[in-house]
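Please study the sequence and the structure before reading the solutions.

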Amino acid sequence: TVVAQDITELVQKTDDLEIQKKVLSQFTHEMRNKYTPATHMLEHVQTLVEQCPRNKSLRHELEGSLHDIRLSVGLLHEADQLVATRLQLHKIYSGSYVSSANVETVELRDCMTQRVESAAALGHRDVAFRARVWLPGYDDSELHARMDMYMWTHLANNLLSNARKHTWHGEVIFALAEERDGLLVFAVRDTGKGMPETIASRLFKEEVASGDVRGVGLGLVSCKKFAESIGGDCWLQYTRPTTAELPKGGGSEFRFSLPGKIVASHKLVSPDLADTITAHKYVPSELTVVVVEDSRLIRKSIVTKLQTARRNMRLEDDNAEWSFVEHATVESFLPHLDTFAPRSDVLVTVDQNCDSQGGLATGSDLIIAMVRANFKGAIVSVSGDDGVAHEHKELGAHACWSES
């Protein structure tokens, strides 16, 4: 009887966890529907300001807003990272996280520069943020690495966030420090206020609160848990607290290691949708882009990004235009599939859930249908969820776009 009761309680707890997981997934989807288009639009405005035309008075007014725009974009990216991290916590703590689904080959200097620029947008103006490679024997050429990019991004964002919150002068350096025993080791070094031994000794034993709540929020304990879950680690290399005698002599260096390696060369992989598309060897001058997405704002943001990318491309026929077709559900696109299937000049972006517009079929259903129809164009998953992206690639998507 006791065993039966224990089993009943275990089943109930399992059901409760599954319900929580579904609620969290839906929350994430709804949140991203709200702030993803806002991020894209702000990025577009930021680009316009930075490339502002001849109207000097307008240019002066817009440039005055540029810092606030960058700050807004940075905060939205941190919100996106926070939601993505919450979604992964269940998988990591339950032991169901699949690192291989997120392993990519990337140009490491570019990725490090992107993380540093995001941190700088929220940092103090008197602090220089720099990306460096400390490995001996590597020059300034492209440096390709293969590793779990979700974990890498999460750890880099957290440690850079900590550094910029506690550094008011000097510099913050994000560096590739070592390659050893199948691990890539990264360092985040700052010239901030450091910390006393009483705090340093318990950093990875409990959450240590700070008064600044602008960070990505999970703390060093979770960073260590994340890294250890795939065979890596996170630790404090050194810290020097500021003192009355050395008011500017403080600083800290944190390091983290993840399974990975430097590879000789590989096609670049980028989290940006436009770069994902242009990374293909052949991009036709005339392209029809079909956007399957239930959110009107996200459809608009995808179109805007690709229009901007098209203007920056050097194609064989520079006067050719791309055309855009929008569908709010998979069902509304399927009747046109036979028309598009034989064409190689068609690109389809696929979201997973279109239920807000009454759609019952998912993005996975659409990819299966396209593969069966022998679709000749390109399929790009734009769900923004790592698990869904992996499923879409397994089913036949050629590329995945995710800002996590």
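Both Trp152 and Phe186 are buried, a term that stands for under 20% relative accessible area, with exposed over 50% and partly exposed in between (1.4 Å probe, protein chains only). The model is predicted, so local features need pLDDT of at least 70, side-chain atom pairs count only at pLDDT 80 or more, and totals for chains, interfaces and linings use all residues. Residues are numbered from 1 along each chain as its sequence is written, and side-chain values use heavy atoms, without hydrogens and water.

**Exercise 1.** Classify the aromatic pair formed by Tyr97 and Tyr150.

*Solution.* Step 1: rings of Phe, Tyr and Trp (its six-membered ring) pair if their centres lie within 6.5 Å; planes under 30 degrees apart are stacked, over 60 edge-to-face, and the rest tilted. Step 2: a search of the whole structure finds six aromatic pairs. Step 3: the ring centres of Tyr97 and Tyr150 are 6.2 Å apart and the planes stand at 45°, so this pair is tilted.

**Exercise 2.** State whether Tyr97 and Tyr150 are buried or exposed.

*Solution.* Step 1: Tyr97 has a relative accessible area of 13% and is buried. Step 2: Tyr150, at 4% relative accessibility, is buried.

**Exercise 3.** Identify the residues with the most contacts inside the largest nonpolar core.

*Solution.* Step 1: such a core is a set of buried Ala, Val, Leu, Ile, Met, Phe, Trp, Tyr and Cys residues joined through side-chain atoms within 4.5 Å. Step 2: the largest one has 42 residues, and those with the most contacts inside it are Leu108, Trp152, Phe174, Leu176, Phe186, Phe256 and Leu258. Step 3: ring pairs link Trp152, Phe174, Phe186 and Phe256 into a cluster.
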